[in-house]
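Hi there,

Here is the structure I promised to pass on. My notes on the rings and the nonpolar cores follow below it.

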Amino acid sequence: MPLRLFLTSSLFTLSLLTPLVLRGQSPSDTVRLTPIIVTATRVPTAASAVAATVTVISGEVLRAQGITTVADALRLVPGASIVATGSFGGQTSLFLRGGESDYVKVLVDGVPQNQPGGFFDFANLGTESVDRIEIVRGPVSVLYGSDAVTGVVQVFTRSGADRTAGRLAMGVGRYGSAWGEASVSGGGAALQYAVSAARHTTSGIYDFNSDDRRDVADARLRLQLDARTHASVSARYSEGVFHFPTDFIGVPSDSDQHTSDRGPSVAFEMIHSLSNRVDAQVSVAYHHEESRYDDGSDSPGDTTAFCCSHSRDVLRRLVLGARADVHLASATVLTTGIELERQRQGGTTLDTARHNAALYAQALVGVGRSLSLTMGARVDDNQEFGRHATGRVGAAWRLDGSTRLRASAGSGFKEPSFFENFAGGFARGNPRLRPERSTSWEVGAERTTLRGRLVLSATYFDQRFRDLIQYSPVPVGLDSVNYVNTGDATARGMEFWSNVSLGAGMSIEANYTVLRSRDLATGQRLLRRPARSAAVRLERRVARRGAVTLAAQYTGDRDDQDFAAFPATPVTLPAHTVVDASAEYRVITAHAGRPGLLLSGRITNLFDVRYQEVTHFRSPRRGLFLGVSLDIVP
């Protein structure tokens, strides 16, 4: 039934749009690939020369669709599976191409956001100041080290422009939701700046203790110091406070417990052209995150064992980098770099630190030509597990102006988390853990036809994960540790993607992913990763003043575990389809001295489908959200 709903929704909308194919198209309707990619190679590279599979999402498109979190943006990406634990603000994980939820490196303006060991909660990462999101699928440890096993998600925030402009936005919606945003940007040839702040609040989907609040403030500054030197600084402070009434099996039982995460991220980068052929760069990235859990007494007489518990942990990551880009020829770039990283965790759970040093090199050959090659290698020297090497090779072959073939192979790794290495008490960490490793290869083809109006893409990928770190309830070995390298797994499949312009401001984007994942010890599917998923997004521009969007997402059945009994029992969550609709309309266009007025609306879960992404944790039902924004141009 969920797949039938997905197909019915998609075909119904297609039937409305099909007659428009017969109309003439304007040049503005032509589908164009994003010309420049940064994350896949660390240097700005034409998309046609990149061998990896990359998706780029525009921040303006996300705001036009009313999408307020990066997690919801990733739901429409091929190979990406988002799992949210219950209400707004609940732990939200990304499984990319069947890998573990800690196998994706997450960056904001180059600053790592993951906890050491890969974990990242997408619940509090919003789209308020997003310029674009680049998602690279496949191993990228050769450039980014630990955690980039199945991919990298990098958020680039907005930078300034040549003219001063401001924006105010606010809105309300179901579940007591409300938000407000403000931003200003401007500058000139020597200086550009952008500053923004936002707050999002909701009462949540449960009847009590389900509030969630997300605050963020960020700024970005770019300086052109001279003709050969420019520098940029970005700073971001975020805070998320999540109240949850549920216990670990999803039963509402506590009217007081909540978690909070807060802290800054700061990035500095300076690039100097030593000559016409050599660019040098130095960078500093710092991330600080304070995580708290607080559960006070629910009533004056509450003296249960789970009452009045508090914890506080602070994580810090400091990364120093230096890089040289050498243009050996017009179509060849050699990149070499070093990174030094210091990681530290202190607080209730642990008090420990470790460091890592890395050296990497990459060669891009044939950029701008019909055949381009990518080759790279990296060596990490970690305080705990010693040296570890990764590598990557790839090729992109443009047969003609409309067909491109690509292939790549590489390796990735993930360091153990602090808890896996150093935990004490009810679970004992293992300082001798090896990093989790992966080997991967993929082949793909892209075809642009109908004079650029139709783009088709298909990719086959094959991954092997080794030395997975697993928890053993019974202490293992002479050291009586609970974490050991025992797991091996595979994940392979195909991703299909298409984008077609129908003319008259209409376009359709669709994707379909088939995944086969296996735990090699048990032969079972990996948890919470569907074997099939699909998405379709249909957009209709309205007279250059607005747009209407309909998006449907199908998630196939997936395996999970039910922790209501001990030991946990395996369960299968049924497939489901969720349809969202959004619209925006510009009532007044901004001019100098006259603000512009934009109205927007979004309906989530249009057909009010009941479904679960985690066993026993229900998901939000149908919701209506309305917003208004003012664009100010002095």
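Rings of Phe, Tyr and Trp (its six-membered ring) count as a pair if their centres lie within 6.5 Å. Please keep in mind that this is a predicted model. Searching the whole structure turns up 12 aromatic pairs.

One of them joins Phe 244 and Tyr 293: the ring centres are 6.5 Å apart and the planes meet at 40 degrees, so the pair is tilted. Phe 244 sits in the loop between β14 and β15, while Tyr 293 belongs to strand β16, 49 residues apart. Phe 244 is buried, with a relative accessible area of 17%, whereas Tyr 293 is partly exposed at 23%.

Phe 385 and Phe 413 make an edge-to-face pair, 6.2 Å from centre to centre with 75 degrees between the planes. Here the loop between β20 and β21 is linked to strand β22, and both residues are buried. Ring pairs also tie Phe 419, Phe 426, Tyr 471 and Tyr 483 into a cluster.

Two arginines may interest you as well. Arg 132 lies over the face of Phe 156, 3.9 Å from the ring centre, and the charged end of Arg 354 is over the ring of Phe 418, at 4.4 Å from its centre.

Now for the cores. The largest nonpolar core has 23 residues, and Leu 74, Leu 94, Phe 122, Leu 125 and Ile 133 have the most contacts inside it. Helix α3 gives the largest share, four residues. Beyond its sequence neighbours within four places, Leu 74 touches Ala 80, Ile 82, Leu 94, Phe 122 and Ile 135. Another core, of 14 residues, lies apart from this one and includes Ala 47, Val 140, Val 142 and Tyr 360.

Best wishes

How values were computed:
Residues are numbered from 1 along each chain as its sequence is written. This is a predicted model: local features need pLDDT of at least 70, side-chain atom pairs count only at pLDDT 80 or more; totals for chains, interfaces and linings use all residues. Side-chain values use heavy atoms; hydrogens and water are left out. A nonpolar core is a set of buried Ala, Val, Leu, Ile, Met, Phe, Trp, Tyr and Cys residues joined through side-chain atoms within 4.5 Å. Buried means under 20% relative accessible area, exposed over 50%, partly exposed in between (1.4 Å probe, protein chains only). Helices (H or I, at least four residues) and strands (E, at least two) are DSSP runs, numbered from the N terminus. Contact means heavy atoms within 4.5 Å. Rings of Phe, Tyr and Trp (its six-membered ring) pair if their centres lie within 6.5 Å; planes under 30 degrees apart count as stacked, over 60 as edge-to-face and the rest as tilted. A charge sits over a ring if NZ of Lys or CZ of Arg is within 6 Å of the ring centre and within 35 degrees of the ring normal.
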